[in-house]
Amino acid sequence: MRNVGVTLGETAVLDDVSLHVGQGEFVSILGPSGAGKSTLFRLLTGALAPDRGEILRDCAPLKLDGQTFAFMPQRDALMPWRRIIDNVILGLEVQGVPRAEARARALPLFVEFGLEGFEQRYPAELSGGMRQRAALLRTVIQARPIQLLDEPSACSTRSPAHRCSAGWKTAGGPRAGPRCLSPMMCARRWPFRIASMCCRAVPPA
Ligand SMILES: Nc1ncnc2c1ncn2[C@@H]1O[C@H](COP(=O)(O)OP(=O)(O)OP(=O)(O)O)[C@@H](O)[C@H]1O
Ligand SMILES: [Mg+2]
C-alpha cells in the first residue's frame, strides 16, 4: 500500500498509510479499537475503494480477481445450517474443488486446529474459540497467495495458538509462501502471545 487514505462519513479512518509485506512474511497490524485495521482489509479485498493512494501486488496494481486473498473476517461468519466440516471446505468449494475431495483435504487438519470430534457438529454447538479456529481453518486451507486474518482470537490461548501455527504450516502456509496480514487489537498481552507466529508487527509494539 502506498500513501493510502480513506474517509468514511466525516472520519478520516486511514491517512497516508504505506505498508509492504514480503513473500513468506507473517505481519501483525496492531492498533486500538477503531484504529482502522478492518478497514485496511476491506480495502485489500475490494469491499471498499481507497480515496487516495494505491494498492499494488508485485509492483502492479492489485487485481480484484478473487484469486489473491483468503480472508478471515472479524466475525467468524460460519453458516449455521452447515456442519463444521462443510463450513471449513466452503472456500475450496467456491474454488471448484469437488466436495468429497475438499473434505478429504480438510479432515486431517481438524486435530491440529483443536477441532477433532466436531467435524459433524453445527456452529451453534461449538465454543467461541472453536468457531474461530474453524474460521481460521476455512481460511488457511484455501492456500491463497495472501491470507488476511482479522482478529484470529483462536490464538488467544497458548495451546490453540501453537496448534494453529502448526496447522497453518500443514495447510500449506509457508510451503505455499503466503503473505499474511494479521491485525490485532492492542490488548496488551496479544503481541506476546502472537510473537511466536509473527515475522514483525506494524507498528512496533
Ligand atoms: N461505514 C462506515 N461509516 C462511517 N465510519 C465507519 C464505517 N465503517 C467503519 N467506520 C469507522 O472507521 C473506524 C475504523 O473502523 P475499523 O472497523 O476499521 O476499526 P478496527 O481497527 O478494526 O477496530 P476493532 O479493533 O474494534 O475491530 C471506526 O472509527 C469506525 O467507527
Ligand atoms: Mg476490526
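A: Let's begin with helix H1, where the buried residues are Lys-37, Thr-39, Leu-40, Phe-41, Arg-42, Leu-43 and Leu-44. One thing to keep in mind is that this is a predicted model.

Q: OK, so is H1 mostly covered or mostly open?

A: Mostly covered, since seven of its nine residues are buried.

Q: Switching topic. What's the strand order in the open sheet of three strands?

A: The order is S2-S1-S4, and the pairing is antiparallel. S2 and strand S4 (52-54) are the edge strands, each pairing on one side only. From one strand to the next, the twist averages 20°.

Q: How many bridges does S1 make with S2, and how many with S4?

A: S1 and S2 pair over four bridges, in the antiparallel sense. Strand S1 (residues 2-8) is joined to S4 by two bridges, and those strands run antiparallel as well.

Q: Where do side chains point in a regular strand?

A: They alternate between the two faces of the sheet.

Q: What sits between S1 and S2 in their hairpin?

A: Two residues lie between the strands, and Gly-9 in that hairpin has a positive phi near 60°.

Q: Which residues other than glycine have a positive phi?

A: Asp-58 is one of them, with phi near 50°. Ala-77 is another, with a positive phi of about 55°.

Q: Where is Asp-58, and why does Asp-58 count as exposed or buried?

A: Asp-58 is in the loop between strand S5 (56-57) and strand S6 (60-61). Asp-58 counts as exposed because it has 7 C-beta neighbours inside 10 Å, and the cut-off for exposed is 12 or fewer.

Q: And Ala-77?

A: You'll find Ala-77 in the loop between strand S7 (69-72) and helix H2 (84-88). Ala-77 has 14 C-beta neighbours inside 10 Å, so it counts as partly exposed.

Q: Now the inside. Which residues touch the most other members of the largest nonpolar core?

A: Those are Val-88, Leu-115, Ala-134, Leu-136, Leu-137 and Leu-148, out of 35 residues in that core. Helix H5 (residues 128-140) gives the most to this core, with six residues.

Q: Last one: what does the whole protein look like in numbers?

A: The protein has eight helices and ten strands. Buried residues make up 36% of its 205 residues. Among contacts with a separation of 6 or more, 71% come from residues 24 or more positions apart.

Key: Residues numbered from 1 in each chain as written. Chains lettered and ligands numbered in written order. Predicted model: local features only at pLDDT ≥ 70, side-chain atom pairs only at ≥ 80, totals over all residues. Pairing = 2+ DSSP bridges. Axes fitted to C-alpha atoms, helices over the stretch in contact; angles between N-to-C directions. Core = buried A, V, L, I, M, F, W, Y, C linked by C-beta atoms within 7 Å. Buried ≥ 20, exposed ≤ 12 C-beta atoms within 10 Å, placed from the backbone. Contact = placed C-beta atoms within 7 Å.
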